[in-house]
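Me: I'd like to learn how to read a protein model, one feature at a time. Could you walk me through this one?

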Amino acid sequence: MACRSTSPSSSSAVEKIPSTSIRVLRSVEAVRRWRRPHTLDRRTVGFVPTMGALHEGHVSLIRAAARENHHVVVSVYVNPAQFGIAEDLGSYPVTWAADSAVLARLDRELADDGAGFLAAGVSAVFAPSTADMYPAGFPGQAPDSPGSFVTLTPISSVLEGASRPTFFRGVATVCMKLFNIVQPDRVYFGQKDVQQTVVIRAMVRDFMLPTAVVIGPTVRAPDGLAQSSRNVYLGARRRAVAPVLHDALRAAETAYSAGAGARDRDAILDAARSLADAVLADQMALAPAQRVRFEIDYLSLSDPETMQELAQVDPARGAILSGAIRMLPVEDPQPDEDRGHSDGPLVRLIDNIIIQPADTAAA
Ligand SMILES: Nc1ncnc2c1ncn2[C@@H]1O[C@H](COP(=O)(O)OP(=O)(O)OP(=O)(O)O)[C@@H](O)[C@H]1O
Ligand SMILES: CC(C)(CO)[C@@H](O)C(=O)[O-]
Ligand code: BAL
């Protein structure tokens with residue numbers, strides 16, 4: 001039988017991140033080969049899916065996976081199926097060299113701190129091609145495009161899904177593929193993308209996937225802005241105003257905590273909206289060359305499991321306060337101004353705060 005020729009990435013030579021023992025696996029078959037002995041040895045695998053452009057939010061998830069598993073696998077894959085046709089697939093930050101350095105640093109930290117971690121390092125990074133991930137061809141990005149997709153309704157069409165109609169279909173589809181390839185004992189997702197965590201939990205439950213879903217807390221900059229790969233688009237002027245979303249959600253949380261009568265949706269969300277309106281009014285009083293404009297996409301008070309909007313919070317159940325804002329491109333950019341990655345396009349920021357059920361909060 002004729003042998004198929006192999007590219008360097010699929011040859012049997014083992015690729016590693018330089019100066020580390022982190023394997024770089026670029027094909028489904030390579031992951032399967034790596035995974036098999038660990039199943040037989042009963043060594044657990046924790047999996048952290050990412051789209052690269054790694055930051056402290058990703059690092060915190062990798063550390064969590066290393067505390068609880070013998071092996072940690074990180075995927076770096078910019079999944080086209082979760083980008084809408086008009087979204088930023090073409091400019092999404094791809095930073096392989098910097099990501100490798102982050103993983104190498106973490107690998108050393110895990111090796112040096114044997115006491116805190118079960119894993120002695122990062123075992124592998126899975127960086128597949130789209131041809132490998134979508135054998136039937138480039139996935140459709142339009143709502144009615146043909147293809148093999150995992151869909152969860154109605155969760156996928158509210159909030160983030162209302163603004164990004166194919167987003168959760170793309171996320172669920174790629175995560176189903178990744179979970180089938182890596183076969184993790186535990187998967188790690190960040191609280192920052194709260195609706196994504198609800199979708200993944202529902203998918204794991206509804207399709208009986210043999211993996212535990214672990215959610216890590218949102219990692220923030222000192223001024224409260226949630227770390228996010230897309231923050232690189234902001235540039236200095238918009239970055240200074242970007243914490244407004246977190247500040248607005250905190251105002252809503254404070255209104256809730258204030259108690260009497262403050263369990264009502266309007267009382268809670270009006271506090272967030274007032275804060276955002278005041279920040280915007282201050283900005284609009286500035287000259288175009290100095291100001292920052294943003295639009296609120298949504299501010300939401302929703303059920304922790306279904307993400308359906310709530311009229312009132314049941315303290316025994318808790319709730320999710322979440323929001324999204326669109327930071328508009330700066331006006332009148334100055335010649336030496338740092339406008340951000342890709343000349344500072346419109347950036348959509350999301351964030352959330354969980355109102356814990358009363359019993360949990362008291363514990
Ligand atoms: N600030 C953060 N704290 C904790 N986890 C995070 C944070 N930001 C992202 N994550 C998690 O990291 C995982 C990979 O996310 P991803 O690679 O899309 O990064 P991102 O910063 O969310 O990117 P983007 O800016 O495109 O939304 C997801 O589970 C996501 O929720
Ligand atoms: C989970 C994920 C890696 C799927 O592409 C992505 O949605 C992300 O990075 O949050
Ligand atoms: N962090 C979720 C990936 C996305 O927004 O495309």
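Reply: Setting aside residues up to four places away in sequence, Cys-175 touches Phe-189, Ile-200 and Met-203; a contact here means heavy atoms within 4.5 Å. Keep in mind that this is a predicted model, where local features need pLDDT of at least 70 and side-chain atom pairs count only at pLDDT 80 or more, while totals for chains, interfaces and linings use all residues. Residues are numbered from 1 along each chain as its sequence is written, chains are lettered from A and ligands numbered from 1 in the order in which they are written, and side-chain values use heavy atoms, with hydrogens and water left out.

Me: Which residues of the largest nonpolar core touch the most other members?

Reply: The general idea first: a nonpolar core is a set of buried Ala, Val, Leu, Ile, Met, Phe, Trp, Tyr and Cys residues joined through side-chain atoms within 4.5 Å. Buried means under 20% relative accessible area, exposed over 50%, and partly exposed in between, with a 1.4 Å probe and protein chains only. Here the largest core has 44 residues, and Met-133, Leu-152, Cys-175, Phe-179, Ile-200 and Met-203 touch the most other members. Elements that each supply at least two residues include α1 (28-40), β2 (45-50), α7 (194-206) and β8 (319-327). The largest share, 11 residues, comes from α6. There is also a second, separate core of 32 residues, with Ala-242, Ile-268, Met-327 and Ile-353 among them.

Me: How many helices and strands are in the chain?

Reply: Helices (H or I, at least four residues) and strands (E, at least two) are DSSP runs, numbered from the N terminus. This chain has 11 helices and 9 strands. Its radius of gyration is 22 Å, close to the 21 Å that the globule rule gives for 363 residues, so the chain is as compact as a globular protein of that length. That radius is taken over C-alpha atoms, and the rule is 2.2 Å times the number of residues to the power 0.38.

Me: What share of the residues counts as buried, and what share of the contacts joins residues at least 24 apart?

Reply: Of the 363 residues, 50% count as buried. Take the contacts between residues at least 6 apart in sequence: 75% of them join residues at least 24 apart.

Me: Where does Leu-61 sit, and is Leu-61 buried or exposed?

Reply: You'll find Leu-61 in helix α2, buried, with a relative accessible area of 8%. Leaving out residues up to four places away in sequence, Leu-61 touches Val-48, Tyr-188, Phe-189, Gly-190 and Gly-216. Pro-49 is 12 residues from Leu-61 in sequence and 9.6 Å away in space, C-alpha to C-alpha.
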